[in-house]
Amino acid sequence: AWGITNVGRDVQDWYKIRWTDDQKEHYLLDGKSVKVQTEVEEIKVKGSATIIDTVKYTNFGPIALFDPNGDNAMSLKWVAHKSYDPLEALVFMRLNKSTGLNEFINSVDLHNYPAQNIIFASKENDIALAVAGYFPNLKAEQGRFIQDGTLKTQDWTGLIPKEHNPKSINPNQGFLSSANQRSTDLTYPYYYHGNFDDYRGRYIHDVLSENKLFKMQDMKALQFDNYSLEAQECLPLLLKSINSSELKSSELKILNELRQWDYRFDPEDLAPSYYNIWWKKVVGLIWDEFDLSQNQLYPETWKTIELIEKEPQHSFFDLQRTDKLEQASDVIRLGFDELIKEVKTSKEEDLTWAKYKDSEIRHLARIPAFSKKLSQSGGYRQAPNAISKYNGPSWRMLVELDDEMKAQGIYPGGQSGNPASPYYDNFIDDWQKGKYYEIRLKKDKTTVPKLFNITLSKSN
């Protein structure tokens, strides 16, 4: 059995390019004017003329953004620009046909991009987790910001050899898990960065560390678990700053709802919505130096929580809009006031978590009639059941590697791609409720069609 999650590491960088001519055919590189390479792309349009698009390439990849009236442009360097390897198409076929650990590892090594965590278990009591794909070999801190495209020294130092990608095979702890958290500890010799809030990963690790005999029902409960370590670590810090004696009865009701909350983002509860509103208001106030409209990103959640706990007088808590010198407690109280205002202007039924979160599964073409609102969904992006407004677990699966293998699974869709079919979205309600369907495994040897006229050997 095997499963897959995104790695979360950053594998593309932006470079600022400086033109040296008005025609924007030459750019500055190491003090010299260098001509761009061009590639003409034809985009055929039914009933209209073919569109000709000339793509300009620099030492750092194709020009992806440019100011037609200015001297600068932006090149995007991405590992996926590496030449395509036709054998990569065989990765998942080989994973499905693997009969043991060695074949699994060999299959994983074929994968190039997008980078994935691929996890494995077999009847031989082997388990493994491998980070699969190509990654840039970066200098310390490289790629966190836009880089200078006038210097070759700003380029990547090639790619990290695949044999140096992280792997864990049969660890002493007896289990492996991935929830998009960081893949290694700080002793890993290659620098990398990405989005690694690890609340889900830590919670899953804690549950699996209970050292008990887990049954199928336990695993179902874990996959559908709405508990959030983020809320557990954050909310008590917020509550400390609120003096209940200063509150009106209606405000005290909201505070008590939060004090009694069990940190589970269940669909019918009010406390998850109160927490979510309050925390978003506080984060926006703390990081008022940042302009999200200019693609500036807030620091990760764990860092904001750490600042509140350990450096409550840090200058980041000072609001730009006032002359007063604010501390963390001031910002938290202001956020609570904003929460009170929003609750007062909302109907209580609209503040239940499922209603407030307003999750939906959007059609790929963003066609509302072909999309599906989720009226019963709990979960939270920092809980194992990571359902947010537009994202969530697209495939839940449980496999019992007994003498007779058993498996259950479900996905948020249906058996038909036809929106007019009753089977277009018939799994979604059960998926919201945490139900599973039996996966029927064929016991007889079936003939697999020969899809590729390729003979694979160790040498290729």
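This is a predicted model: local features need pLDDT of at least 70, side-chain atom pairs count only at pLDDT 80 or more; totals for chains, interfaces and linings use all residues.
Strands here are DSSP runs of E with at least two residues, numbered from the N terminus. By that count, Ile 51 sits in strand E6, which covers residues 51–58.

**Surface patch around Ile 51**
- Ile 51 teams up with Ile 43 and Val 45 in a nonpolar patch on the surface.
- Ile 51 has a relative accessible area of 43%, so it counts as partly exposed, a class that lies between the 20% and 50% cut-offs.

- H8 spans residues 301–310, and its buried residues are Thr 301, Thr 304, Ile 305, Leu 307 and Ile 308.
- Those five fall on the same side of H8, because the arc they cover around the axis is only 155°.
- As a reminder, an α-helix has 3.6 residues a turn, so residues three or four places apart point the same way.

- Glu 326 belongs to the loop between H8 and H9.
- Is Glu 326 buried or exposed? Its relative accessible area is 5%, so Glu 326 is buried, the cut-off for that being under 20%.
- Leaving aside residues up to four places away in sequence, Glu 326 touches Phe 317, Asp 318, Leu 319 and Val 331.
- Ser 315 lies 11 residues from Glu 326 in sequence, and their C-alpha atoms are 8.2 Å apart in space.

**The E15-E16-E17 sheet**
- Three strands make up this open sheet, in the order E15-E16-E17, with antiparallel pairing.
- Which strands are at the edges? They are E15 and E17 (437–438), each of which pairs on one side only.
- E15 (residues 396–400) and E16 (residues 406–410) run antiparallel and are joined by five bridges.
- A hairpin of five residues takes the chain from E15 to E16.
- Across that pairing, Val 399 stands opposite Ala 407 in E16.
- For reading side chains here, keep in mind that in a regular strand they alternate between the two faces of the sheet.

Notes. Residues are numbered from 1 along each chain as its sequence is written. Side-chain values use heavy atoms; hydrogens and water are left out. Patches are made of residues with over 30% relative accessible area and no salt bridge: like charges are joined within 9 Å, nonpolar side chains (Val, Leu, Ile, Met, Phe, Trp, Tyr) within 5 Å. Accessible areas come from the Shrake-Rupley method with a 1.4 Å probe; for residues, only the protein chains shown count as cover. A salt bridge is a side-chain nitrogen of Lys or Arg within 4 Å of a carboxyl oxygen of Asp or Glu. Helices (H or I, at least four residues) and strands (E, at least two) are DSSP runs, numbered from the N terminus. Buried means under 20% relative accessible area, exposed over 50%, partly exposed in between (1.4 Å probe, protein chains only). Two strands pair if DSSP finds at least two bridges between them. The arc is that of the directions from the helix axis to the C-beta atoms. Contact means heavy atoms within 4.5 Å.
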